[in-house]
Amino acid sequence: MSSAPGGMPAAKAAALGPMILLDAFGRVHEELPQILAGLSIDDLTWRPDPDANSIGWLVWHLTRVQDDHLAALATACERPRDQAWRAWRGRFDLPYGDGIGYGHTSTEVGAFTIGDPGLLLGYHGAVHILTTEVIEELSARDYARIVDTRWDPPVNAAARLVSVVNDTTAHCGQAAYLAGMLQRRTA
């Protein structure tokens with residue numbers, strides 16, 4: 001029987017990766033309804049200063065990144081998936097096309113509007129389902145597969161998944177912080 005670093009059996013170590021990833025993505029999915037609870041459209045688009053991100057934009061962006069990157073990762077691992085955005089884009093009526101918000105200017109962030117706050121949770125729910133399915137279908141060998149050659153060194157699936165977890169948790173925390181600021185501001 002082969003062992004992973006630390007003496008853990010390799011099969012057990014290989015099973016931990018998907019469990020940890022599912023837990024991490026699941027925590028963001030569970031946290032978002034609490035962050036968005038009771039927020040109005042004005043609350044979702046409020047920016048503490050003219051160059052800051054809004055809660056709505058942050059949640060949209062973290063969801064777009066997760067959707068885009070997980071669908072691309074699945075495709076690179078020969079399990080093609082469409083982004084959930086294809087079914088949700090028209091419901092949002094945003095000026096971003098298929099963009100994910102990466103590199104948006106302050107003006108572009110300020111263009112974020114939403115007619116129904118429930119769209120953010122609905123879209124994130126669809127992306128969470130996609131994410132869960134993609135992770136559950138990955139083989140141990142898939143984690144080493146190159147999924148993005150635009151970087152030096154090229155990005156493998158494991159690094160991409162950790163990057164997406166980092167991005168989503170960071171933006172989830174930012175949205176929670178803004179919601180707290182907003183709550184104190186209106187109290």
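1. How much of the accessible surface of the protein chain belongs to carbon and sulfur atoms? In this predicted model, these atoms account for 54% of an accessible surface of about 9,900 Å². As to burial, 41% of the 187 residues of the protein chain count as buried.

2. The protein chain contains seven helices and two strands. Read from the N terminus, the order of the elements is α-α-α-α-α-α-β-β-α. The radius of gyration is 18 Å, close to the 16 Å that the globule rule gives for 187 residues, so the protein chain is as compact as a globular protein of that length.

3. The C-alpha trace of the protein chain spans about 60 × 35 × 30 Å along its principal axes. When contacts between residues at least 6 apart in sequence are considered, 70% of them join residues at least 24 apart.

4. Helix α4, residues 85-92, packs with helix α6, residues 118-137, at an angle of about 170°, and their axes lie 10 Å apart. Angles over 145 degrees count as roughly antiparallel, and α4 and α6 are therefore roughly antiparallel to each other.

5. Which residues make this contact? From α4 the contributors are W85, W88, R91 and F92, and from α6 they are L119, L120, G122, Y123 and A126. Sorted by class, the contact of α4 with α6 comprises seven nonpolar residues, one polar residue and one charged residue.

Methods:
Residues are numbered from 1 along each chain as its sequence is written. This is a predicted model: local features need pLDDT of at least 70, side-chain atom pairs count only at pLDDT 80 or more; totals for chains, interfaces and linings use all residues. Side-chain values use heavy atoms; hydrogens and water are left out. Axes are lines fitted to C-alpha atoms, for helices over the stretch in contact, and angles run from 0 to 180 degrees between N-to-C directions. Helices (H or I, at least four residues) and strands (E, at least two) are DSSP runs, numbered from the N terminus. Angles under 35 degrees count as roughly parallel, over 145 as roughly antiparallel, 65 to 115 as roughly perpendicular and the rest as oblique. Contact means heavy atoms within 4.5 Å. Ala, Val, Leu, Ile, Met, Phe, Trp, Tyr, Cys and Pro count as nonpolar, Asp, Glu, Lys and Arg as charged, and the others, Gly among them, as polar. The radius of gyration is taken over C-alpha atoms; the globule rule is 2.2 Å times the number of residues to the power 0.38. Buried means under 20% relative accessible area, exposed over 50%, partly exposed in between (1.4 Å probe, protein chains only). Accessible areas come from the Shrake-Rupley method with a 1.4 Å probe; for residues, only the protein chains shown count as cover.
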